[in-house]
Structures are given as C-alpha cells and as structure tokens.
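Dear colleague,

Please find below the structure that I am handing over to you. My notes on it follow directly after.

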Amino acid sequence: MYVIKQRDGTYFHKDGKIILFENQRQINEFLNYFTQYSVNRLIREGRQQEAMSAPMKIMSDSIAMPVDFDINTVPCGVVWAGDLKK
C-alpha cells in the first residue's frame with residue numbers, strides 16, 4: 001500500500017481523503033493522467049509558461065512511498081485510487 005507525498009508534506013488527495021495506491025504501476029498511471037490533466041487545464045486557462053513546466057514540477061515534487069500512517073485512524077480518511085475511476 002502506497003501514497004504520493006509532496007515535498008511540502010501534503011499527500012495527494014481527493015476531497016480531503018488521502019489517495020491509497022496498490023502498487024507502483026498504479027502510481028505511475030495516476031501521475032501520468034494527473035500531469036496530462038494539469039497541462040491541458042493550464043493551456044485552456046492561457047497559462048502556457050506554467051503548462052510547460054508543470055510535468056517537471058509534478059514529478060520532482062511527488063514522492064511515492066509506503067503508507068506512513070494508520071489508514072483506519074487518519075482523521076481525514078482515505079480513498080483507494082482504483083475507486084476514483086468509478
């Protein structure tokens with residue numbers, strides 16, 4: 001069980017719930033989709049300079065790591081990455 005933690009100490013989350021991943025492949029897939037979404041959104045918003053640097057920033061600021069907390073007691077809750085597609 002894994003999470004993606006950003007260098008500032010925050011976790012990738014959906015509606016405040018920390019996203020849990022089953023394996024590295026799932027993390028890579030998630031980061032690829034997230035990067036594509038971010039770049040496309042920045043372009044739509046006319047922020048081309050940020051769109052160009054977004055992939056590097058996302059990858060350099062994201063740390064895939066084993067879960068470092070009790071998923072049953074974390075106050076904000078958790079959600080499995082696989083459930084986000086539903």
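Helices (H or I, at least four residues) and strands (E, at least two) are taken here as DSSP runs, numbered from the N terminus. With that convention, V67 sits in the loop between β4 (62-66) and β5 (78-80).

The model is a predicted one, in which local features need pLDDT of at least 70 and side-chain atom pairs count only at pLDDT 80 or more, while totals for chains, interfaces and linings use all residues. Residues are numbered from 1 along each chain as its sequence is written, and side-chain values use heavy atoms, with hydrogens and water left out.

Confidence and overall layout

The chain has a mean pLDDT (the predictor's confidence in each residue, from 0 to 100) of 94, and 99% of its residues reach 70 or more. Confidence is highest in strand β3 (residues 17-20), at 98, and lowest in helix α2 (residues 48-61), at a mean of 94.

The secondary structure consists of 2 helices and 5 strands, and the order of elements from the N terminus is β-β-β-α-α-β-β. The C-alpha trace spans about 40 × 30 × 25 Å along its principal axes. The chain has 86 residues, of which 29% count as buried; buried means under 20% relative accessible area, exposed over 50%, and partly exposed in between (1.4 Å probe, protein chains only). Contact is taken as heavy atoms within 4.5 Å. Among contacts between residues at least 6 apart in sequence, 61% join residues at least 24 apart.

The helix pair

Helix α1 (residues 24-44) packs with α2 at an angle of about 165 degrees, the axes being 8 Å apart. Axes are lines fitted to C-alpha atoms, for helices over the stretch in contact, and angles run from 0 to 180 degrees between N-to-C directions.

On the α1 side, L31, F34, T35, S38, V39, L42 and I43 meet Q48, E50, A51, A54, P55, I58 and M59 of α2. By class, this contact comprises 10 nonpolar, 3 polar and 1 charged residues. Ala, Val, Leu, Ile, Met, Phe, Trp, Tyr, Cys and Pro count as nonpolar, Asp, Glu, Lys and Arg as charged, and the others, Gly among them, as polar.

Individual residues

T35, in helix α1, is buried at a relative accessible area of 12%. Leaving aside neighbours within four places in sequence, T35 is in contact with P55 and I58. Q26 also lies in helix α1 and is buried, with a relative accessible area of 13%. With neighbours within four places again left aside, Q26 is in contact with F21, A81 and G82.

To return to V67: not counting residues up to four places away in sequence, V67 touches M1, Y2, V3 and L20. The C-alpha atoms of V67 and V79, which are 12 residues apart along the chain, are separated by 13 Å.

Finally, D15 is in the loop between β2 (13-14) and β3. D15 has a positive phi of about 55 degrees although it is not a glycine. Most residues other than glycine have a negative phi. At 72% relative accessibility, D15 counts as exposed.

With kind regards
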